[in-house]
Amino acid sequence: MHMNRRHLLRQGGALALLVSCGVATLDEALAAEASGFDAKTLDDALASLGAKPADSKDITLTSPDIAENGAVVPLTISSAIPKTDTLYVLVEKNPFPLAASFSIPDGTEPFVAARVKMGESTRVYAVVKADGKLYSTFKETKVTLGGCGG
Amino acid sequence: MKRWILAAVAVMASHAALAESSSDAIAQYRAMLADGNPAELWEAKGQALWKEPRGPRHASLERCDLGQGPGVVKGAFVRLPRWFDDTRRVQDLESRLLTCMQDLQGFDAAAIAKTPFGKGEQSTIENLVAWVASESQGMAFDLPQSHAAEKKMYEVGRDAFFFRAGPYDFACASCHGQEGKRIRLQDLPDLTTRKGAGDAFGAWPAYRVSSGQLWSMQRRLNDCYRQQRFPYPGYVSDVTIALGVYLGVNARGVDSVAPGLKR
Amino acid sequence: MGDPMRIRAKSSDGTTDVRVLMAHPMETGFRKDSSGKTIPPHFIKDVKATANGKTVLTARWSQAISQNPYLQFKFKGAKPGDKVSITWVDNKGDTRTDEAAIA
Amino acid sequence: MSRTVDRTRTSLWLRSVAASAMTLAVALAGCESTPGAPGPGAATHAEATKIIDSSFSAHGQAGLDRLQQDALQKACSSPTPPSADTVKALEAAEAAKIVPPPDGRYLGDWRAGENLAQNGRGMTWSDKAEAPNGGNCYNCHQLSDKEISFGTLGPSLHHYGKGRGIEDPTSPQAMAIIRYTWGKLYDAKAGNACSIMPRFGAAHILTTKQMQDIMALLLDPNSPVNQ
């Protein structure tokens, strides 16, 4: 029963709406958030986060212009948006675009540095959740073929 | 005619600009990775393995003599390869670790030498070289050249460096004998110069982001020979040790940064 | 179980900067081995950091995080000598916890 | 370090020079009289050869025969180039190896050529012997300017055909460039004895068809190289 409802939630993708209508509890919404990791397109992954994020200049995303190897692409994300509580990393052209989410409790800076894999040259999106709203910025990284190719 | 030349110069200039900006971007990429080299994970294991009683004799490596006296690890890396009286050979770090693993711990050195990289006791050696190298970080290379055998190995190493063979006619020097060149986007150090040899010899062992593995100098040389389309160089064979002497002596005075971080 | 993490935690002006290296293959499940068989996914899914009994960061990861993951974050409210503890759990249920004193 | 070095080394070279290269050997003997640059001592050189021979084992398709240097490889295994006479003789011997495409067609498919140019595989001990070899072009050269990951060991080949005024590579006016390019690809050592570029045709690295495809990549006006 419970499983089925969770399954439904996964399929639905409109979590924010369900939560705000009282159909789903926040706990269930958070559990189902894992479904974002199953999304196969950027749009589906973004939808799983709840709403379409607004472009924001208050998010700083650093990543190299060119990555010598797609297996390791260093990123840093920081947010100047008040009440930032979650940072998401999405790699547009990966088979599963949602790469990571970081929950930032009070007292922790809205900043993380991590390293992600990229199958090909792609945009990386940094999405920030603050005060229940979503914001995003993106950056393009070119992945090159390194070495002798042999 | 003049216009044609001007056009050609313009084309060449734009190529140079593109090459430069790509190289800058790669430098930026490497700088972003400089902190948090996963080689540290190998160093930590290597340090523990050095002290751990292991092998048929259930002994640690704490009495292993890497050239600076039994148990002295600090500074050993920047003075290898060197001559050892007990084995009557010039040995590099990995060859010497094999000697210690055999003499102190009772392992079969020949069997380890035949083990593929990354497997079994070869992975032990990868951890050990990461740690031993890290203990000399920031120290200048200072390989001894006083023993006749050390001098000879330098000459042999130079000969091997320029030795062209195989279906592609490659020598080490084909790619590493000029300054400022690249394969794809990877800079090729000129290993005949102090700086080039220092940058290269002084960065291995290194964590390779492409494979997520730590590569020792032996593995680096092994893969160079693979790409040179040569047959398979034996692990710690004389040609690899001679090349180590040649590179290490060329790198004299350059500070070691190993373990490094590579593509 | 896995191999130990490397944790460096440094405090300055009331902010603790934490840098962690974890030993993990972070296998995607898309790669094939030399015999052509797909290598099953094996990756860290959850990470939790605590200091003085308080959670200072949680993370959920996919297989897109690089092999031998690196993580850096910063938090307030701890002082030198306090311990930072990091725990990861992977998709096979393996887990590892390490801690380090703040410098 | 002494001058006698080169003499000994030359005689060493001569010992294993194949009969087919006898004419070359005669030419090489000429460098006995030319002063050599400082290099490893004769004893060391013999030692080095012994050490190299004993350090390798056959693996996969890479057999020990690959350590047997031909006359050119020997002459070019030193930090200093061989004498002008030696270079001339070596280049002539390599030029004689160049075979034009048997069907008279120099140009194939530039798309296949681009794939070959990108492919850095072939003939290592980890490559399957029956798998086709790559062209390795981008390892050392810029070709299409769309590919930012290119090497600089060789000159840029971007606009290779266009820069040489090739509008119709099948026209008679284009023939001189076409033949020159084929020769360079087939055996780069014919024009530069100690060139670091492999002898793709003479060493049987690429097939005739593969070389035709790379020719098209360089010379076809529609190829990305000429955009």
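## Polar contacts and salt bridges

Between chain D and chain B, 26 residue pairs are in polar contact, with both residues at pLDDT 80 or more. The structure is a predicted model. Four salt bridges are counted between chain D and chain B. One of the charged pairs is D:E147 with B:R184, which form a salt bridge whose closest N and O atoms are 3.8 Å apart.

## The side of chain D that touches chain B

Several elements of chain D each supply at least two residues of the side that touches chain B: α3 (42-55), β1 (56-57), α6 (110-118) and α7 (137-140). The element that gives the most to this side is α3(D), with seven residues. By residue class, the side of chain D that touches chain B consists of 23 nonpolar, 28 polar and six charged residues.

## Extent of the interface

In total, 57 residues of chain D are in contact with 44 residues of chain B. The size of an interface is often expressed as the accessible area lost when the parts come together. For chain D and chain B, the buried area is about 4500 Å², and carbon and sulfur atoms give 58% of this area. Three residues, D:F56, D:W125 and D:L153, supply 16% of the area that chain D buries against chain B, more than any other three residues.

## Strand pairing between the chains

Strand β7 of chain B, residues 232-233, is joined to β1(D) by two bridges, and the two strands run antiparallel. Within β1(D), D:S57 is the bridge partner of B:Y232.

Technical notes:
Residues numbered from 1 in each chain as written. Chains lettered and ligands numbered in written order. Predicted model: local features only at pLDDT ≥ 70, side-chain atom pairs only at ≥ 80, totals over all residues. Heavy atoms only, no water. Contact = heavy atoms within 4.5 Å. Buried area = accessible area lost by both parts, 1.4 Å probe. Salt bridge = Lys/Arg side-chain N within 4 Å of Asp/Glu carboxyl O. Polar contact = N/O pair within 3.5 Å; in protein donor to acceptor, adjacent residues only side chain to side chain. Helix = DSSP H or I, 4+ residues; strand = E, 2+ residues; numbered from the N terminus. Nonpolar A, V, L, I, M, F, W, Y, C, P; charged D, E, K, R; others polar. Pairing = 2+ DSSP bridges.
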